[in-house]
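This report looks at a sheet and at charged side-chain pairs. Please have the sequence and the model at hand while reading.

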Amino acid sequence: MKNSTLPDPFEQARLEKGYGEMDDQNDPVTMVLRLKDVRKCAHNWKSYSSEAVPGRIVVPSEVNIRDMRQIPFEVDPPRHGAYRALVEAWFKRPLQAEYQQRLTDQISGIVDQFVGQERVEVVSELALPLQSRALTLLLNTDYGESEKWISWGTHVFRSEGVALDGDKATVLYDYIDEQIERAQKQPSGDLYSVLLDSEIDGRKMTPEEVKGVLVLTFAGGRDTVINAVTNAIAYFAEHPESLARLRQEPDITGRAVEEMIRYFSPLTQMGRVVMEDSQVCEHAVKADSRISLCWASANRDAAVFENPNEIVLDRKINPHVGFGFSHHNCLGATHARQIMKILLQTLAERVSTIEMLDFTENIEELDEFKRKVGFHKLSVKINPINH
Amino acid sequence: MAQITFITNDNQTITLEGTAGSVMALAVENGVSGIDGDCGGVCSCATCHVHVAPEDMHKTGPASEIETDMLELDDNANEYSRLCCQIEISGALDGIVLTVAN
């Protein structure tokens, strides 16, 4: 097995039962593992709600570290739709040419910095700065802010070796509070100001609601983007032929991005709270217990994907759920797709080979399953193309 | 060569000419509102959903199983629904009218 491989720990349970079980801090979760079931449950918000106690639909649960609601993430339709409509256009800005140009400048700057160096630690030196700087574009805020976000380290809610860390989350919450106050005093064109000025139900959004959107934007797009970027670099280190292929066939870059999102599934799962006694794969789930939509398992479902455990760079039909599905599909997906597309283009243009030097795997402990989601550390040497 | 007409949610009628590639790509290149084509045409994002005019259904044929699976959970879907990234442009489509679902 190659070092960049992300094995599928769910295969046997998916085939035999269709579900898995996880305790998660005494708030058990029935994990839904097959793609069709995951989609159906994701769509069925009346039976499987997102609007529980804040933090409860996240697995592992964040109930003990926060009491503020993330928006629109922890709101059910129809109210969810009103919030979503408010933010949708803003989060589609990555489709604009100017946005893409600025992102290209950022990413090529980072890659150029490390090409030819003896060693780069990808997670902290490349992926984290890349993610943080790109976030300044998504928020339309000062580039300099990214230095602060980088200084927070790779996990906003987690310390090294500790599952969940309330103190670390407070740093983010305090920062967002400060930024909202600043935007109230001095409105600008950033996301804080735009949200403070927007209306829902004929009234202005409250600072608490604005905070809910911002916390979601910071938290949802951090580990996920860092994992996707790091895993892509690990993959190219062991598949130089794929890098060469993207150089020769740049038209397949979009497909390659979708395939990597499928294969990497940077977010393993997302929970829902069961509203009434029901069944998942003939398994009873009780009201007020939790299910999870296991995107990582669904994306390896052999009933849908041929050769699910391989990265098929130009996979033509790829109905993956790496960005979730239905009402709550990933708000940041447009931004994330552009990051990955531009990263792949930049690497293909400038890099010949990548040598993997050493690494520490990031393995999620999900009771009966252990899932490698990426790396805590990954040191590589990035070799330039000699023109 | 095919003439393809899009009717958007804000009631604009846009007629475009295409020779090859997918209907989604043609729409995105020409900024047809409501067709984002976020995933680039691999059938994962459902942001290119159109309703084919009933009299034009024979030109596109029905949705594939993968499309149907995506669309069956879409509240706007009906028997004329297609994801237009899965419709290849050819002369057979000439004159088709597509109503953008979102």
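## The sheet and its edges

Two strands are taken as paired if DSSP finds at least two bridges between them. The model examined here is a predicted one. On that basis, 5 strands of chain A form an open sheet with mixed pairing, and their order across the sheet is E1-E2-E10-E7-E3. Strand E1 (19-22) and strand E3 (48-49) of chain A each have a single partner strand and stand at the edges, so one side of each is left without a neighbour in the sheet.

Side chains of opposite charge can pair when their charged atoms come close. Over all chains, a search of the whole structure finds 29 salt bridges. One of them is formed by the side chains of A:Arg290 and A:Asp24, with an N to O distance of 2.6 Å. This pair links distant parts of the chain, given that A:Arg290 lies in strand E10 of chain A and A:Asp24 in the loop between E1 and E2 of chain A, 266 residues apart.

Are these two partners buried or exposed, if buried means under 20% relative accessible area? A:Arg290 is buried, with a relative accessible area of 1%, and A:Asp24 is buried as well, at 7%.

## Salt bridges involving partly exposed residues

A further salt bridge joins the side chains of A:Asp177 and A:Lys211 at 3.3 Å, N to O. This pair, too, links distant parts of the chain, with A:Asp177 in helix H7 (residues 166-185) and A:Lys211 in helix H9 (residues 207-220) of chain A, 34 residues apart. A:Asp177 is partly exposed, with a relative accessible area of 31%, whereas A:Lys211, at 10% relative accessibility, counts as buried.

The side chains of A:Arg245 and A:Glu249 also meet in a salt bridge, at 2.9 Å from N to O. Here A:Arg245 counts as partly exposed at 26% relative accessibility, and A:Glu249 counts as partly exposed at 34%.

Which residues are joined into one network by salt bridges that share partners? They are A:Asp24, A:Asp27, A:Arg56, A:Asp288 and A:Arg290.

Note on methods. Residues numbered from 1 in each chain as written. Chains lettered and ligands numbered in written order. Predicted model: local features only at pLDDT ≥ 70, side-chain atom pairs only at ≥ 80, totals over all residues. Heavy atoms only, no water. Helix = DSSP H or I, 4+ residues; strand = E, 2+ residues; numbered from the N terminus. Salt bridge = Lys/Arg side-chain N within 4 Å of Asp/Glu carboxyl O. Buried < 20%, exposed > 50% of the residue type's maximum accessible area, 1.4 Å probe, protein only.
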